[in-house]
Amino acid sequence: MRCNISRLFLAMGVSLGAVGPALAGTGELLSGDASETVDANIERDGGALLGPFVTTSARCRKTADSAAWIIEAPRYGRAAVVKKRGEIAYGDEHRYAYCNDRPISGTMIRYRPARGFAGDDTFVFTLRFSDGEVRTKRVNVHVE
């Protein structure tokens with residue numbers, strides 16, 4: 001049996017040195033329609049990560065990575081596709097919730113606001129999973 005982490009919540013608590021915390025948002029990042037909006041808050045002069053976006057087995061092991069593209073760059077910062085180590089973050093009610101918080105490497109989206117910027121920014125990215133599923137997400141970021 002395979003499970004797609006394309007149904008992930010925003011990966012909470014991922015931190016990578018200077019990059020900072022993961023984006024804190026509401027709702028499942030990649031559930032529902034193929035085109036969705038995600039709202040997030042981060043601290044000024046910080047940064048954040050979304051993901052990782054990979055396909056896993058029921059044993060919480062990575063079986064495939066995903067491809068990603070930034071299709072609309074943020075106006076007041078930078079968004080990039082990176083390969084990093086993060087944590088699995090299914091919803092608490094998901095049948096694979098027992099995989100939560102386990103480390104896994106894969107495709108992530110990194111956002112960093114311009115130095116000193118505070119306010120609202122937005123960017124859009126597209127993911128393609130190993131099973132051919134494609135999702136496009138708009139991320140609205142509020143930098144405090």
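Trainee: In strand 8, which residue is the bridge partner of Lys-84?

Mentor: The model is predicted; local features need pLDDT of at least 70, side-chain atom pairs count only at pLDDT 80 or more, and totals for chains, interfaces and linings use all residues. Residues are numbered from 1 along each chain as its sequence is written, and side-chain values use heavy atoms, without hydrogens and water. Strands are DSSP runs (E, at least two residues), numbered from the N terminus. Strand 7 (residues 77-87) pairs with strand 8 in the antiparallel sense over 11 bridges, pairing being at least two DSSP bridges between two strands; the partner of Lys-84 in strand 8 is Gly-106.

Trainee: How many bridges join strand 4 to strand 8?

Mentor: Strand 4 covers residues 48-57 and runs antiparallel to strand 8. Ala-48 stands opposite Tyr-111 in strand 8. The number of bridges joining strand 4 to strand 8 is four.

Trainee: How many of the 11 residues of strand 8 are buried?

Mentor: Buried means under 20% relative accessible area, exposed over 50%, partly exposed in between (1.4 Å probe, protein chains only). Strand 8 spans residues 103-113 and is mostly covered. Its buried residues number eight.

Trainee: What is the relative accessible area of Val-124?

Mentor: Val-124 lies in strand 9 (residues 119-128). Val-124 is buried, and its relative accessible area is 7%.
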